[in-house]
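This report describes the aromatic rings of one protein model and their surroundings.

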Amino acid sequence: MQAWQVHENGEPSEVMRLDETERPVPGEGQVLLKVRAAAINFPDALLCRGQYQVRPPLPFTPGVEICGETEDGRRVIANPVLPHGGFAEYAVADARALLPAPEALDDAETAALHIGYQTGWFGLHQRARLQAGETLLVHAAAGGVGSAAVQLGKAAGARVIGVVGGPEKAAVAAGLGCDVVIDRRSEDVIAAVKEATGGKGADVVYDPVGGDAYTQSAKTVAFEGRIVVVGFASGSIPSPALNHALVKNYSIMGLHWGLYASKNPKLIPHCHERLTELAARGAVKPLVSERVALDGASAAVQRVADGVTTGRVVVVPGLDARTEGAAA
């Protein structure tokens with residue numbers, strides 16, 4: 001089979017190599033899955049760079065989120081077990097962790113439903129307890145993680161403010177349903193949020209960016225507001241001023257979605273049921289901005305690493321490279 005492998009750490013476009021390899025052999029409690037689609041996540045770039053919290057032995061195949069097909073033909077959602085990741089024709093996953101693919105979504109959308117949307121659901125509902133009528137501020141609202149949070153926030157009845165970088169991403173955020181869109185490249189984010197909320201600020205801030213975005217979060221969060229720290233796509237990990245949280249009376253919440261698999265695993269299928277229901281009624285639909293053939297995976301992971309994409313870019317092994325392109 002064909003599989004992208006990383007033989008040394010570095011930038012994805014430089015270290016990912018498309019090789020002919022043997023199909024992986026499942027271990028005890030594992031299954032072999034035919035990869036129907038693999039969504040690209042920022043952690044895939046971090047894996048290539050050797051900067052992720054998990055460092056699989058070299059060589060390994062990245063790709064942490066797939067829509068796969070079992071031997072009996074069932075479509076499922078899975079997180080492949082590294083080193084046999086999803087940017088390949090076949091991957092290995094834990095049998096007990098498979099989730100049924102929603103009928104309402106195609107393969108690429110299904111692959112993009114899991115990590116970003118589970119993270120958003122846990123962040124907004126399990127951690128921040130977002131309520132209908134509250135204001136939700138989402139950083140990087142046009143990205144894969146942010147776009148999921150926007151849709152989930154709207155589905156929960158919140159007023160959503162999206163922060164993006166550039167007019168193209170502003171148009172995407174507006175199309176996702178953001179009530180207010182702020183272009184951080186041309187607007188003062190702090191002033192714009194205060195104006196949009198009548199000076200109150202956002203009840204919940206969803207921050208997958210860190211760096212300057214976190215500074216803006218602390219200055220725009222409302223009294224008794226909640227900042228949900230999801231990641232650090234900017235590459236800069238902030239050091240919060242806890243005295244500021246004290247005097248302004250807000251909460252800083254970390255979210256490590258992967259911990260639920262060991263700490264409270266029953267919540268993951270529960271969340272998936274809620275997401276499947278939302279997808280069935282059209283309340284959420286992963287924004288797949290681009291579908292690429294398997295041989296385009298390396299360049300696509302690099303684009304995600306560089307922060308120039310919107311929504312999710314999805315690798316579809318069965319796609320003809322001559323027909324690949326945008327679709328949503």
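A residue is called buried if its relative accessible area is under 20%, exposed if over 50%, and partly exposed in between (1.4 Å probe, protein chains only). At 14% relative accessibility, Tyr 260 is therefore buried. Trp 121 is buried as well, at 11%, and Phe 122 is buried at 0%.

The model is predicted, so local features need pLDDT of at least 70 and side-chain atom pairs pLDDT 80 or more, while totals for chains, interfaces and linings use all residues. Residues are numbered from 1 along each chain as its sequence is written, and side-chain values use heavy atoms, without hydrogens and water.

Rings of Phe, Tyr and Trp (its six-membered ring) pair if their centres lie within 6.5 Å; planes under 30 degrees apart are stacked, over 60 edge-to-face, and the rest tilted. The whole structure holds two aromatic pairs.

| Pair | Centre to centre | Angle between planes | Class |
|---|---|---|---|
| Trp 121 and Phe 122 | 5.3 Å | 80 degrees | edge-to-face |
| Phe 122 and Tyr 260 | 4.3 Å | 40 degrees | tilted |

Ring pairs join Trp 121, Phe 122 and Tyr 260 into a cluster. Phe 122 lies in helix 4 (residues 115–127) and Tyr 260 in helix 10 (residues 260–263), 138 residues apart, and their pair links distant parts of the chain. Helices here are DSSP runs (H or I, at least four residues), numbered from the N terminus.

Technical notes: Helices (H or I, at least four residues) and strands (E, at least two) are DSSP runs, numbered from the N terminus.
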